[in-house]
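Thanks, everyone. I will take a few minutes on one structure, going through a handful of side chains in turn. Please have a look at it first.

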Amino acid sequence: INGTVLPLFEIDDKVFASGAMGKGTAIIPSTNEIVSPFSGTVTSLFQTKHAIGLTSDTGIELLIHIGIDTVQLEGKYFDANVQIGQHINKGDALITFNRTEIEKAGFDPTVILIITNSNEYKDVIEINSGEIQKMDNVLAIV
């Protein structure tokens, strides 16, 4: 997604910010489309479409969570372009959302990226800051 990278510890969600769910980063979005950062499989898709789980062809497990507390919107302003079990390619559109309406409803649209199997790697490192464009690398997994 296009936007501004924000260190995970700076977001207004204690569980994600603490790293309890895994290491990662956050992006304040400037566009409304999430695309796949790698080729892999859709392993979970919340009924509310505010979050999606992916597993890369190399085994990286990624949770993409759109917004803070946006589960309360019950799917309003979110559309999924994929389904569970679907193979995806790098750059495929996953979810579109209306960040303007999400903000009008009183929610923070920050996109949170968590490597949920972080403990299987030596480290997950934020490698980008400031403004980014979709498909820019934001995390290195070593």
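Phe97 has a relative accessible area of 4%, under the 20% cut-off, so Phe97 is buried. This is a predicted model, to be clear about that at the start. Phe78 is likewise buried, at 3% relative accessibility.

These residues bring up the aromatic pairs. How many does the structure hold? It holds one. A pair like this is described by the distance of the ring centres and the angle of the planes. For Phe78 and Phe97 the centres are 6.4 Å apart and the planes are at 25°. Planes under 30 degrees apart count as stacked, so that is what we call this pair. The pair links distant parts of the chain, with Phe78 in strand 7, residues 78-80, and Phe97 in strand 9, residues 93-97.

His50 sits in the loop between strand 4 (40-45) and strand 5 (51-56). Is His50 buried or exposed? Buried, at 2% relative accessibility. Its side chain makes a polar contact of 2.5 Å with the side chain of Thr48, and another, of 3.3 Å, joins the side chains of His50 and His65.

Last, the surface. Ile125, Ile127 and Val142 make a nonpolar patch of about 240 Å². Ile127 lies in the loop between strand 11 (124-126) and strand 12 (130-132). With a relative accessible area of 45%, Ile127 is partly exposed.

Note on methods:
Residues numbered from 1 in each chain as written. Predicted model: local features only at pLDDT ≥ 70, side-chain atom pairs only at ≥ 80, totals over all residues. Heavy atoms only, no water. Patch = residues over 30% accessible without salt bridge, like charges linked within 9 Å, V, L, I, M, F, W, Y side chains within 5 Å. Areas by Shrake-Rupley, 256 points an atom, 1.4 Å probe, with all protein chains shown as cover. Salt bridge = Lys/Arg side-chain N within 4 Å of Asp/Glu carboxyl O. Helix = DSSP H or I, 4+ residues; strand = E, 2+ residues; numbered from the N terminus. Buried < 20%, exposed > 50% of the residue type's maximum accessible area, 1.4 Å probe, protein only. Phe/Tyr/Trp six-rings, centres within 6.5 Å; stacked < 30°, edge-to-face > 60°. Polar contact = N/O pair within 3.5 Å; in protein donor to acceptor, adjacent residues only side chain to side chain.
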